[in-house]
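Here is a short report on one protein model. Look at the sequence and the structure first, then read on.

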Amino acid sequence: VSSMILERLNRELTMMTIARNTTVDTDPPGMHVGPKIALIDEFSASDGDIFSYRFKANKLGKTVGKRTWGGVVGIRGSLPFVDGGTLNRPEFSRFDKDGKEWIMEGVGVEPDVFVDNDPAAEFAGTDEQLNKAIEIVKEELKNFKPLPQTAPKYPDKSK
């Protein structure tokens with residue numbers, strides 16, 4: 001599902017729209033405007049690795065946390081054994097868009113901002129990665145220009 005989520009996060013504003021007796025909206029619709037942060041850690045694997053990689057590659061925002069697991073070689077179907085067991089084998093992986101190197105597998109995705117949660121603090125309810133992400137996004141919001149919430153003055157078409 002990472003491709004569907006990232007396609008939505010990566011939409012670019014073309015124009016604003018409004019219908020009679022409604023509120024202003026974006027076009028394309030369903031955009032997520034403003035600063036974005038992705039939390040990643042060593043438990044982000046498979047599509048979690050892919051999401052993290054795409055988030056960074058599309059420059060959607062900063063990643064905060066620890067390097068992802070790095071397990072993205074996928075399986076498809078299985079080979080049956082006569083005893084009813086099955087065997088899954090690696091079928092596909094990913095390489096960079098220039099066709100020069102394999103990416104993510106066994107390496108993961110490095111965060112832009114490294115934060116390692118302290119297990120005792122996390123158990124006590126303090127998520128240092130989340131707190132750092134909130135701190136960063138609050139700072140980025142200081143320079144964020146919100147979208148217009150009202151339409152311009154309607155033209156006088158009576159003339």
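## The largest pocket

The largest pocket holds about 170 Å³ of space. A pocket here is an open set of points on a 1 Å grid over the protein atoms alone, where a 1.4 Å probe fits, with protein on both sides within 12 Å along at least five of seven lines. Its volume is the space filled by probe spheres set on the points.

Arg11, Leu13, Met31, His32, Val33, Gly34, Pro35, Lys36, Phe144 and Leu147 line this pocket; lining residues have an atom within 4 Å of a point. Six of them are nonpolar, two polar and two charged.

## About the model

The model is predicted: local features need pLDDT of at least 70, side-chain atom pairs count only at pLDDT 80 or more, and totals for chains, interfaces and linings use all residues. Residues are numbered from 1 along each chain, and side-chain values use heavy atoms, without hydrogens and water.

## Two helices

Helix H1 (residues 2-9) packs on helix H2 (residues 47-57) at an angle of about 25°. Their axes are 10 Å apart. H1 is therefore roughly parallel to H2 (angles under 35 degrees count as such). Helices are DSSP runs of H or I with at least four residues.

Ser2, Ser3, Ile5, Leu6 and Leu9 of H1 meet Asp47, Ile50, Phe51, Arg54 and Phe55 of H2. Contact means heavy atoms within 4.5 Å.

## Backbone details

Most residues other than glycine have a negative phi, and most peptide bonds are trans. Asn21 is not a glycine, yet has a positive phi of about 60°. A cis peptide bond joins Asp27 and Pro28, with omega about 10°.

Methods:
Nonpolar A, V, L, I, M, F, W, Y, C, P; charged D, E, K, R; others polar. Axes fitted to C-alpha atoms, helices over the stretch in contact; angles between N-to-C directions. Parallel < 35°, antiparallel > 145°, perpendicular 65-115°, else oblique.
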